[in-house]
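Biologist: Please take a close look at one chain and describe how it is built and what surrounds it.

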Amino acid sequence: MLKIAKERLNELYAKISESMGLFIPIKKGGEVNYHVWGEGKEVSLETLKTVKSPKNMFFPQTENMMKFKTEGKNIEILEAGIRKQGDELKPFVAFGVKACDYKAIEVLDKVFLAEPVDTFYQARRNATTIVTLACSKPEESCFCGVFGIDATNPQGDVSTWLDEKYLYWQANTEKGETLTSLASELFEKGGETEVEAQKTSTKAVLAQLPFANLDLSRFKPENLNELFDDTRWEEMSEACLGCGTCTFVCPTCQCFDIRDFKTNDGVIRYRCWDSCMYSDFTLMAHGNSRTTQMQRFRQRFMHKLVYYPSQNDGLYSCVGCGRCVNKCPQNLNIVKVIKTLGGKKND
Amino acid sequence: MQDVTTEKKEFTPNIVAFCCNWCSYAGADLAGSSRLSYPANVKIIRVPCSCRVNPTFVLKAFQQGADGVILCGCHPGDCHYVTGNYYTRRRMALLFNFLNYMGIEKERTRVEWVSAAEGQKFSAVMNDFVKTVTELGENKRLTDLRVKEGE
Amino acid sequence: MKDVELKMLERAKALLESGEVARVIGWKKGEFIYDPAPASFETVDELKDFVYNWFCGANLSKYLIQASKKEGKTAVFLKPCDTYSFNQLVKEHRVKRENIHVIAVECLGKFDVAKIKAQGVSSIVDVEVQNKEVKVKSFGGETVLNKPEILLTKCETCQKTHQVKDEEIILHDRPERDVNRFAEVEKLEAMTPDERFAFWREQLQKCIRCNACRNVCPACSCVKCVFDNPASGIAAKANDDKFEEQLFHIIRAFHVAGRCTDCGECSRVCPQNIPLHLLNRKFIKDIDGLYGEYQAGETDEGKTPLTSYTENDIEPTDAVNGEAK
């Protein structure tokens with residue numbers, strides 16, 4: 001294990017930035033989100049939850065897919081794919097990814113990297129080195145443990161731990177080793193004891209969290225119909241505004257829409273995040289298959305807790321990051337759903 | 001021989017003028033038939049009444065590459081629909097103030113009242129507005145980069 | 001606050017039991033003290049989850065659009081600021097006044113849990129308020145915080161009083177306040193255009209187009225919003241270009257100009273904490289200055305500044321150049 005003094009982190013960032021893009025939680029306009037590092041930027045590794053999750057790096061909120069021109073019945077493709085032709089996607093580092101958000105990338109991988117592969121996502125994934133950061137101060141809205149995630153021991157190409165003095169650094173993969181070698185002169189050896197101590201104390205906090213023992217036992221494919229028909233969806237969803245906050249801050253929501261934009265030079269076809277909470281999400285030529293907010297609300301949670309796991313060997317598409325718990329304007333969230341429908345232990 | 005590479009390309013702004021059908025559009029017509037000149041980069045959009053102009057139209061014009069937007073209507077009190085331009089006056093006063101508040105140059109937007117008989121005024125107003133916007137330069141704050149791609 | 005809650009509960013029970021109303025709209029307990037959710041109670045039994053505390057910041061008036069269309073009367077608890085939105089909705093024929101029983105309920109300001117957490121207090125269990133002192137009990141012990149510092153932004157400058165009531169539950173006096181709600185707007189106005197542009201660029205850049213501001217807004221009650229209508233040509237769904245954010249927020253603010261009651265819900269719900277109320281307040285301030293003082297929602301009738309005019313209104317050019325206050 002290696003370590004680097006906190007005061008020297010800027011040197012590390014600068015060193016990495018020389019050859020790669022560095023995305024890291026940065027405070028901008030009062031809120032912490034992943035931004036590209038630059039000299040003078042206010043890095044905030046201490047922030048437990050960025051507003052937008054790291055998924056934005058692999059699956060940006062909007063992404064141009066192609067540019068084309070039409071003339072009569074002819075279509076001329078001007079540009080296609082993730083970048084202008086001949087441009088290689090610059091490798092980048094996603095720095096400070098928490099255990100829950102790292103697990104969320106696995107959830108996204110199963111969607112985007114399954115056949116047919118989403119090449120836009122794949123290109124970004126391949127270009128990334130992920131540096132995870134263990135949590136030392138989880139808060140009451142966290143419940144990653146429920147999904148079997150160890151917040152104190154995140155995986156990734158490099159795992160790191162932060163305390164008052166040092167960032168402890170453990171490369172796990174070849175990519176991680178390469179990254180380490182970029183700035184090897186900045187590191188010193190040691191830190192095992194400090195990391196172990198931090199793990200133990202954080203684990204004690206995690207076990208005490210109010211949502212640590214949520215019961216998911218009823219969310220099984222065989223209960224699908226029963227859960228779907230549950231009468232309590234109506235009351236659970238009655239305050240829902242139909243905004244997209246929960247879906248847009250969620251690290252695993254992966255739905256998108258494809259739209260065209262007319263420029264002076266042709267048409268840009270782009271994709272952008274969409275939300276199953278929006279009234280036009282299922283709008284089709286024949287009409288809308290989900291006409292009430294209750295149906296939309298139900299869809300979101302059934303997808304996370306029943307549909308997705310039934311197609312992915314029981315892997316839930318919620319990682320317990322708690323962003324929706326913090327951000328829902330009217331305080332509705334997945335925990336309330338789990339508590340209502342999950343199982344006996346919740347009572 | 002002139003050195004073309006060092007010759008600076010002169011900026012000619014794109015101006016969108018929303019003109020009401022009953023007064024200002026006729027005013028523009030009169031300007032034309034009286035052989036009074038106004039810059040060719042003023043693109044006139046005829047609207048039934050100045051109050052037909054939704055704030056979205058103004059923003060859309062900027063998005064699509066306008067550097068200045070001007071609304072022309074009948075003089076207050078002379079509206080073909082009796083009161084339409086009174087509403088325009090309030091809306092645009094608030095909208096332009098608001099754009100200024102957002103940091104968008106206040107000189108880029110204007111409302112002028114031009115009657116059907118004021119060909120002279122129409123020409124003068126347009127010349128003056130084009131001059132103002134030319135001095136201001138290109139609209140960069142309320143524009144859509146995608147639109148200008150490939151230009 | 002507990003006494004107010006008890007009184008409210010008592011009234012809710014009585015109203016439901018007597019059959020005077022078919023439902024009561026209030027707040028329902030969450031997982032913590034600070035996450036109550038708006039809820040509709042139809043039976044006395046359901047009232048066991050009823051709650052009213054320092055975190056019930058949500059404005060319930062918009063829920064009445066749906067509720068007032070239902071069979072039977074609906075009772076609703078409205079805080080002072082919520083009553084303005086209610087009046088405005090009645091004025092716009094979105095809520096049927098005769099179907100609603102308004103219970104005006106006391107409010108001494110509501111807290112923003114994010115601001116409490118920002119002061120380093122997490123796992124909040126309870127709060128106890130004495131004048132300007134707030135004792136926050138958490139797993140970590142007890143912390144005393146300064147009340148003005150943890151109020152929701154919308155409560156910081158609130159001087160509102162109930163504009164409509166069928167009955168009231170007010171047990172404590174609210175201290176008179178004299179604050180200038182336009183102070184922040186004035187600060188921005190005093191900046192240079194470049195500074196203002198930079199300020200709004202930094203703020204609006206954070207926008208994730210989740211539409212929470214729009215969907216929570218009582219003035220945004222269109223059945224179909226232009227931004228949801230693919231035929232409108234401006235329904236972009238997400239911001240591919242900075243222009244989209246400007247367009248969305250300018251048009252939204254303009255659309256509610258003269259109808260916005262300054263309830264502050266937009267800023268409360270914004271996940272990125274964009275000070276959206278400063279957009280709406282600019283319109284309010286300009287309307288006050290150019291066309292005479294006007295407070296939307298003071299009554300449920302009459303014309304709004306943008307649906308009326310005078311023959312001697314200021315010219316837009318003069319308004320922009322600051323010819324009038």
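Modeller: Helices (H or I, at least four residues) and strands (E, at least two) are DSSP runs, numbered from the N terminus. On that basis, chain A has 12 helices and 14 strands. This is a predicted model, in which local features need pLDDT of at least 70 and side-chain atom pairs count only at pLDDT 80 or more, while totals for chains, interfaces and linings use all residues. Residues are numbered from 1 along each chain as its sequence is written, and chains are lettered from A and ligands numbered from 1 in the order in which they are written.

The radius of gyration, taken over C-alpha atoms, is compared with a globule rule of 2.2 Å times the number of residues to the power 0.38. For chain A the radius is 22 Å, close to the 20 Å that the rule gives for 347 residues, so chain A is as compact as a globular protein of that length. Along the principal axes, its C-alpha atoms fill a box of roughly 65 × 65 × 35 Å.

Of the 347 residues in chain A, 42% are buried, that is, 20 or more other C-beta atoms, placed from the backbone, lie within 10 Å of their own. Two residues are in contact if their C-beta atoms, placed from the backbone, lie within 7 Å. Among contacts in chain A between residues at least 6 apart in sequence, 69% join residues at least 24 apart.

Chain A also meets chain C: 36 residues of chain A are in contact with 31 residues of chain C. On the chain C side, strand S2 (37-41), helix H8 (193-204) and helix H9 (212-216) each give two or more residues, and S2(C) gives the most, with four.

Definitions and conventions:
Buried ≥ 20, exposed ≤ 12 C-beta atoms within 10 Å, placed from the backbone.
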